[in-house]
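Visitor: I have a structure open and would like to learn how to read its features. Where do we begin?

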Amino acid sequence: MVVVANRLPVDLTVEEDGSTSWRRSPGGLVSALEPVMQAADGAWIGWTGSPDVEAEPFDADDMHLVPLTLSADEVADYYEGFSNDTLWPLSHDVISPPEFHRHWWDAYRRVNRRFAEAAAGLAAPGAVVWVHDYQLQLVPALLRELRPDLRIGYFHHIPFPPLEIFAQLPWRRQVVEGLLGADLVGFQRAGDAGNFIRVVRRLTDLAARGQLVTVPGHDGGEDRVVRAAAFPISIDSSRFDAMARRPEVRARAEEIRADLGNPAVLLLGVDRLDYTKGIRHRIKAYGELLAEGRLSVPDAALVQVASPSRENVEAYQQLRDEVEGLVGRINGEFGAIGSAAVYYLHHSYPPDEMAALYLAADVMLVTSLRDGMNLVAKEFVAACVDDRGVLVLSEFTGAADELSGALLVNPHDIDGLKDTIERAARMERKEMRARMRKLRRRVLADDVTKWSDSFLAALGAGVDGAEVPEQDVDHLRHAHQPHGEGPRGGDDA
Ligand code: F6P
């Protein structure tokens, strides 16, 4: 199997003394794919995370990694530009306005072609190639042109937008045609797959029935049937469970609580510093709870890990200023010497430190405004080995479709969010345990191996002539109303 993703699971990092080292890349895609690739005998093609780095293929952590070089201009136009300032906001309810630039699109096409060529050169005859995420939506069709013998799967890790939003993209038809080069197109939620099928129906002349789209063969060749369906992603749950049981991790969790002055309620947020994550909404709600005396320092403390992300994109720089301004204001008002209201950490941490933080927390706050899945929510649950801890979860995450047992919130509704945070902070142990047990059963059963096995089985099984049960067709017909059309709460948008 060949995996093709924008990034390798490790980034090349230049240290202060000029030396270089490989460090784990950020984000959910890497957390999900790493265990899959460690178990499989395959290669992973991806960018090194820095411009102009030429590196030979190498083995790391039981994976065979094949670096692909991007120039500084390509990083600016393909990655920061088209991927993260056009497609990303377009796919997340246009929370930040997407920018459409023709030279970004040109770079996106060029770089997608290079990824496709690299995969075509590496894959054995008849091999499975698994392409990942929105940065590489043209790769399936480009690869099929080069290597029609391959079985091609594509998985979309982020939301697929409703037709009404996707239609803004000047190159919408090319993107859809790119995806239809795959045999199987996977999404996080049935709603995303439904949005895609609706886009296919409206923007192409192709016949789509239920989950299946018929694509005419090249030069009078046989028709192909492409399937679009939901495969909700997960984590290596037993690894997090095992990590959270290790004595040194448990000791670290206690140390964290002690260092914070053993607060009665430790609230935790863990996100890439991204405007989709609702970090401002959660800090604002927490600040108001302190102002109203419904929570107080030092009984309560909020730890917010905000790992650096896409720092050259203006919308991310602006968000950082806003979040840091808000944290400063709340600490200035409610903090004291030795006890801050918010502990803000602009860093990434290794998985065992994350497990200790999850164990230490009483309430986990996941308040995304839109999120494909949100694997942090699942990591928290997998680490709560004592059935202690409450998950507050935005209804706008893919995880909300699966994790009953969480307290669901609409993060735009600041008053509702405050009530839910307060309820979580005061929850009786009995209710907490019952909810967490339910959550853990789900997360431990539906792990990342199950996700990849089911995707690859569906890809290997083939779909030609597959019958779609009538209820699925019905579900796809009715379930996918556009999101994000409702009002976004005033200054909280
Ligand atoms: O899941 C969304 C995603 O963009 C992944 O493709 C990526 O691994 C992660 O978020 C982190 O983003 P980036 O690679 O831009 O740092």
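Predicted model: local features only at pLDDT ≥ 70, side-chain atom pairs only at ≥ 80, totals over all residues.

Visitor: Is helix H13 enclosed by the rest of the structure or left open, and why?

Guide: A residue counts as buried when its relative accessible area is under 20%. In helix H13 (residues 375–383), nine of the nine residues are buried, so the helix is largely enclosed by the rest of the structure. Among the buried residues are Leu375, Phe380 and Val381, and also the charged Lys378 and Glu379.

Visitor: How do I apply that to a residue in a loop? Take His412: why does it count as buried or exposed?

Guide: His412 has a relative accessibility of 14%, under the cut-off of 20%, so it counts as buried. The loop that holds His412 runs between strand E18 (407–409) and helix H14 (414–425). His412 and His281 are 131 residues apart in sequence, while their C-alpha atoms are 7.1 Å apart in space.

Visitor: Now the sheet. In what order do the strands of the open sheet lie?

Guide: Strands of a sheet pair through backbone hydrogen bonds, either parallel or antiparallel. Here ten strands form an open sheet in the order E5-E6-E4-E1-E7-E8-E9-E12-E11-E10, with mixed pairing. Strand E5 (58–60) and strand E10 (207–209) stand at the edges with a single partner strand each, so one side of each has no neighbour in the sheet. On average, neighbouring strands of this sheet are turned by 25° against each other, direction ignored.

Visitor: How many bridges join strand E1 to strand E7?

Guide: Three bridges join strand E1 (residues 2–7) to strand E7 (residues 128–132), and the two run parallel. Val2 stands opposite Val129 in E7.

Visitor: Last, the ligand. Which residues are the closest to it?

Guide: The ligand is surrounded by 14 residues, of which the closest are Arg7, Tyr79, Asp133, Tyr134 and Arg310. By type, the shell divides into six nonpolar, four polar and four charged residues. Helix H2 (residues 72–91) gives the largest share of the shell, three residues.

Visitor: Which side chains have polar atoms by the ligand's oxygen atoms?

Guide: An N or O atom in the side chain of Asp133 is 2.6 Å from an oxygen atom of the ligand. For a polar side-chain atom of Arg310 the distance to a ligand oxygen is 2.8 Å, and for one of Gln135 it is 3.3 Å. Taken alone, the ligand exposes 380 Å², and the protein buries 93% of that.

Conventions:
Residues numbered from 1 in each chain as written. Heavy atoms only, no water. Helix = DSSP H or I, 4+ residues; strand = E, 2+ residues; numbered from the N terminus. Buried < 20%, exposed > 50% of the residue type's maximum accessible area, 1.4 Å probe, protein only. Near = heavy atom within 4 Å. Polar contact = N/O pair within 3.5 Å; in protein donor to acceptor, adjacent residues only side chain to side chain. Areas by Shrake-Rupley, 256 points an atom, 1.4 Å probe, with all protein chains shown as cover. Pairing = 2+ DSSP bridges. Axes fitted to C-alpha atoms, helices over the stretch in contact; angles between N-to-C directions.
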